[in-house]
Amino acid sequence: MEFRGTTICAVKRNGVTAIAGDGQVTMGESVIMKGNAVKVKRIYNDKVVIGFAGSVSDAFALSEKFEEMLQKYSGNLMRSAVELAELWRSDKMYRKLEALLIVADANSLYIVSGSGEVIEPESGICAIGSGGNYALAAARALAGSTDLDAKEIAVRALKIASELCVFTNDHITVETV
């Protein structure tokens, strides 16, 4: 049985990027194994924030490898993300990992996937995981119709997603950079 993590939402606004994640870990399609997991964390001397969705063990392996890349490339977020995506796509062991990452530093925000993509969201808003589309829609609506800051938009978007997606809860962890 596979354990899965769920929804992550990132918002970049007025020079601040917030990444928020819910706390639910689901086993299969019907069992909530944990409601207070932390899927958003600070790495690289607190200069980078990372959020992950997908298989929990796979996401941990990828976040550790990403931190190694940051060390190797002196904190260059884009280079580290590209190198991780290349490794993830080409290495036989890493290719099987099922997760998505959102990574951010003070200047940049990217989604990194196992099929080799490193995507910078054009609107400064992105979301991944089972409730990602709900969180993305909510965050875009809030950003376009309110003066809320990045952190408040990300948290509210996650709360809205938790009301719609059974794999997302409202135990939210948020980090800003």
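Reader: How many bridges join strand 2 to strand 11, and which way do the two run?
Author: Strand 2 and strand 11 (residues 125-128) are joined by 4 bridges and run antiparallel; two strands pair if DSSP finds at least two bridges between them. Strands (E, at least two residues) and helices (H or I, at least four) are DSSP runs, numbered from the N terminus. This is a predicted model, in which local features need pLDDT of at least 70 and side-chain atom pairs count only at pLDDT 80 or more, while totals for chains, interfaces and linings use all residues. Residues are numbered from 1 along each chain as its sequence is written, and side-chain values use heavy atoms, with hydrogens and water left out.

Reader: What stands opposite I8 in strand 11?
Author: I128 is the residue opposite I8.

Reader: And how is strand 2 joined to strand 3?
Author: Strand 2 and strand 3 (residues 16-21) are antiparallel, with 6 bridges between them. Within strand 3, T17 is the bridge partner of K12. The hairpin of these strands has 2 residues between them, and N14 takes a positive phi near 50° there.

Reader: Is strand 2 mostly covered or exposed?
Author: Strand 2 (residues 8-13) is mostly covered, as 5 of its 6 residues are buried. Buried means under 20% relative accessible area, exposed over 50%, and partly exposed in between (1.4 Å probe, protein chains only).

Reader: What is the strand order of the open sheet?
Author: The order is 11-2-3-12, an open sheet of 4 strands with antiparallel pairing. Strand 11 and strand 12 (173-176) are the edge strands, each pairing on one side only. On average, neighbouring strands of this sheet are turned by 15° against each other, direction ignored.

Reader: Which strands does helix 4 touch on that sheet?
Author: Helix 4 packs on the sheet and touches strand 2, strand 3 and strand 12. The direction of helix 4 makes about 155° with that of strand 2. Axes are lines fitted to C-alpha atoms, for helices over the stretch in contact, and angles between N-to-C directions run from 0 to 180 degrees. Helix 3 lies across strand 2 and strand 11, at about 160° to strand 11.

Reader: At what angle do helix 3 and helix 4 cross?
Author: The axes of helix 3 (residues 132-145) and helix 4 (residues 150-164) cross at roughly 140° and come within 8 Å. That makes helix 3 oblique to helix 4 (under 35 degrees is roughly parallel, over 145 roughly antiparallel, 65 to 115 roughly perpendicular, the rest oblique).

Reader: Which residues make the contact?
Author: Helix 3 contributes Y134, A135, A138, A139, L142 and A143, and helix 4 contributes I153, R156, A157, L158, I160, A161 and L164; contact means heavy atoms within 4.5 Å. By class, 12 of the contact residues are nonpolar, none is polar and 1 is charged. Ala, Val, Leu, Ile, Met, Phe, Trp, Tyr, Cys and Pro count as nonpolar, Asp, Glu, Lys and Arg as charged, and the others, Gly among them, as polar.

Reader: Turning to helix 1 and helix 2, how do their axes cross?
Author: The axes of helix 1 (residues 56-72) and helix 2 (residues 77-90) cross at roughly 130°, coming within 9 Å, and the two helices are therefore oblique to each other. L62, K65, F66, M69 and L70 of helix 1 meet L77, S80, A81, E83, L84, L87 and W88 of helix 2. This contact has 9 nonpolar, 1 polar and 2 charged residues.

Reader: Lastly, where is F167 found?
Author: F167 is in the loop between helix 4 and strand 12, and counts as partly exposed because its relative accessibility is 21%. Not counting residues up to four places away in sequence, F167 touches T6, D22, Q24, T26, G28, E29 and S130.
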